[in-house]
Amino acid sequence: GMSPPPAAAATAAASLCVRGRRRGRVKLSNMGSDVRVRTHTFWIGATMPTWVLRCAESYVKTGHDVWLWLYAQERSGEMHMLQAMKSRHSRLRTCDASQIIPYDVAQRMYYHGMGPDGRWQGWAPFSDWFRCEILARYGGWWGDADGG
């Protein structure tokens with residue numbers, strides 16, 4: 001038979017998480033055992049609002065191991081906040097996004113929008129590609145950086 005599309009498979013996998021949390025683990029009803037929940041998230045762009053870090057922190061507080069993917073070239077202004085947050089939360093890991101897709105390639109992927117007014121411009125197409133690369137290589141769950 002045919003495999004379900006990735007979105008359907010992700011929805012089905014997420015729906016399996018029906019039993020309670022216990023110290024960063026969830027019980028998956030079809031497996032009968034506890035497993036670590038690794039959640040990947042990503043931020044790209046010249047500025048990173050403080051609410052992005054609060055969203056990552058909310059994942060940590062609900063028991064997820066969070067891998068926050070960043071380009072160091074862009075984050076010099078936020079390093080003190082990142083270090084402080086990592087010292088408070090051992091489950092937070094910052095990861096070098098250039099290990100997945102080099103920064104110069106990422107910079108060429110910014111979508112400049114459609115039409116004369118540049119509608120729908122941004123990083124969404126690149127972020128979609130990055131998300132697929134991360135999940136294919138490392139597995140786990142994805143949480144948008146602005147959706148904690």
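1. The secondary structure comes to 5 helices and 7 strands, where helices (H or I, at least four residues) and strands (E, at least two) are DSSP runs numbered from the N terminus. From that end on, the elements run α-β-β-β-β-α-β-α-β-α-α-β. This is a predicted model, in which local features need pLDDT of at least 70, side-chain atom pairs count only at pLDDT 80 or more, and totals for chains, interfaces and linings use all residues. Residues are numbered from 1 along each chain as its sequence is written, and side-chain values use heavy atoms, with hydrogens and water left out.

2. Of the 148 residues in the protein, 33% are buried. Buried means under 20% relative accessible area, exposed over 50%, and partly exposed in between, with a 1.4 Å probe and protein chains only. Among the contacts with a separation of 6 or more, 68% come from residues 24 or more positions apart; a contact means heavy atoms within 4.5 Å.

3. An open sheet of 4 strands has the order β6-β5-β4-β7, with parallel pairing. The edges are held by β6 (92-96) and β7 (141-142), each with a single partner strand, so one side of each is left without a neighbour in the sheet. Two strands pair if DSSP finds at least two bridges between them.

4. Strand β4 (residues 38-42) is joined to β7 by 2 bridges, and the two run parallel. T39 stands opposite W141 in β7. Helix α5 (residues 124-138) packs on the sheet and touches β4, β5 and β7, its direction making about 155° with that of β4. Angles run from 0 to 180 degrees between N-to-C directions, and axes are lines fitted to C-alpha atoms, for helices over the stretch in contact.

5. β4 and β5 pair in the parallel sense over 5 bridges, and the partner of H40 in β5 is W67. β5 is mostly covered, with 6 of its 6 residues buried. D65, W67 and W69 point one way from this strand, while V66, L68 and L70 point the other way.

6. F130 is found in helix α5 and counts as buried, at 0% relative accessibility. Leaving aside neighbours within four places in sequence, F130 is in contact with F42, W69, Y71, A97, I100, I101 and W142. The C-alpha atoms of F130 and A106, 24 residues apart along the chain, are separated by 9.2 Å.

7. α2 and helix α3 (residues 79-88) pack at an angle of about 15°, with their axes 11 Å apart. That makes α2 roughly parallel to α3; angles under 35 degrees count as roughly parallel, over 145 as roughly antiparallel, 65 to 115 as roughly perpendicular and the rest as oblique. The crossing is right-handed, meaning that the near helix is turned clockwise from the far one by less than a right angle.

8. In this pairing, T50, L53, A56 and E57 of α2 meet M81, L82, M85 and R88 of α3. The residues of the contact divide into 5 nonpolar, 1 polar and 2 charged. Ala, Val, Leu, Ile, Met, Phe, Trp, Tyr, Cys and Pro count as nonpolar, Asp, Glu, Lys and Arg as charged, and the others, Gly among them, as polar.

9. E57 has its place in helix α2 (residues 50-61). At 13% relative accessibility, E57 counts as buried. Apart from its neighbours within four places in sequence, E57 is in contact with M85, R88 and H89.
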